[in-house]
Amino acid sequence: MTEPEYRSVTRTQYDEFAQLYYDMFKDSLREHHFDRAMIDAFAELAKGADAGPVADIGCGPGHVTGYLHALGLDVRGIDLSPEMVALAKREHPGIGFATGDMSALDLPDGGLGGVLSRASIIHTPPERIGGVFAEFHRVLAPGGLLSLSFQATDRTDALALPFDHRVAPAWQWSYQRVSDLLADTGFAEVARLVEAPEEDPVRGFHFCHLVMRKPVPENS
Ligand SMILES: C[S@@+](CC[C@H](N)C(=O)[O-])C[C@H]1O[C@@H](n2cnc3c(N)ncnc32)[C@H](O)[C@@H]1O
């Protein structure tokens, strides 16, 4: 089957920018206080749920995967870009990394206790995002946690708006509509944090962090 163009373009572009991306962002969690707060909370919840290992999907060079590992999680990273995965393996030899596509994960149903995807859904066109959320839901065990963060808008008249991203075509997402779509997929919202546009002086976008849970079915 022919691969959709958005995916081959994203892969090629991140392959090209992998080293630069790493050099620019490898220490960025230090200054992103709200990312750390939400990732820490997600990690504690995933540990408490004890529903299986965690995957960092769209992990890039693996700096967040490494952070989760340091918090004591059994974590692996998955990314579309082979160059990103090679970098992640080089920088974090104790962690497993593999190439993969978030819309068709090579993972069994219900095998994960947590999925984290930080700033990585932004390259999926809006008409395909439902398939990504269905994959996240499929691979999580009941009780498993999803941590999803993304460039966002408080508008609700569109699911997503294209923006001019340095690496590949990208969309900023209506955080309310993303939450609604995740609820339609079967997730329950645990928490959300929305950073004000002024906190991102480069782009001036909101940045949204969602933590969602795949509920345990009643009577189980
Ligand atoms: C903006 S970077 C974010 C990297 C990392 N999560 C971080 O927090 O810095 C986006 C990453 O998502 C990956 N990506 C984009 N589309 C993907 C897809 N369909 N499946 C898996 N990874 C994808 C890209 O290759 C890239 O490494």
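1. How far does a polar side-chain atom of H63 lie from an oxygen atom of the ligand? In this predicted model, where local features need pLDDT of at least 70, side-chain atom pairs count only at pLDDT 80 or more, and totals for chains, interfaces and linings use all residues, the distance for H63 is 2.8 Å. Residues are numbered from 1 along each chain as its sequence is written, and side-chain values use heavy atoms, with hydrogens and water left out.

2. Two further residues reach the ligand's oxygen atoms: a polar side-chain atom of Y21 lies 2.6 Å from one, and an N or O atom in the side chain of S120 is 3.2 Å from one. Taken alone the ligand exposes 600 Å², of which the protein buries 98%; such accessible areas come from the Shrake-Rupley method with a 1.4 Å probe, and for residues only the protein chains shown count as cover.

3. The ligand has 18 residues around it, and those that come nearest are Y21, G58, H63, D79 and R118; a residue is near a molecule or strand if one of its heavy atoms lies within 4 Å of it. Helix α1 gives the largest share of this shell, 3 residues, while α1 and α3 (63-70) each supply at least two. Helices are DSSP runs of H or I with at least four residues, and strands are runs of E with at least two, numbered from the N terminus.

4. M24 also belongs to helix α1 (residues 5-25). Because its relative accessibility is 44%, M24 counts as partly exposed, a class between buried (under 20%) and exposed (over 50%), judged with a 1.4 Å probe and protein chains only.

Key: A polar contact is a pair of N or O atoms within 3.5 Å; within protein, one must be able to donate a hydrogen and the other to accept it, and residues adjacent in sequence count only if both atoms are side-chain atoms.
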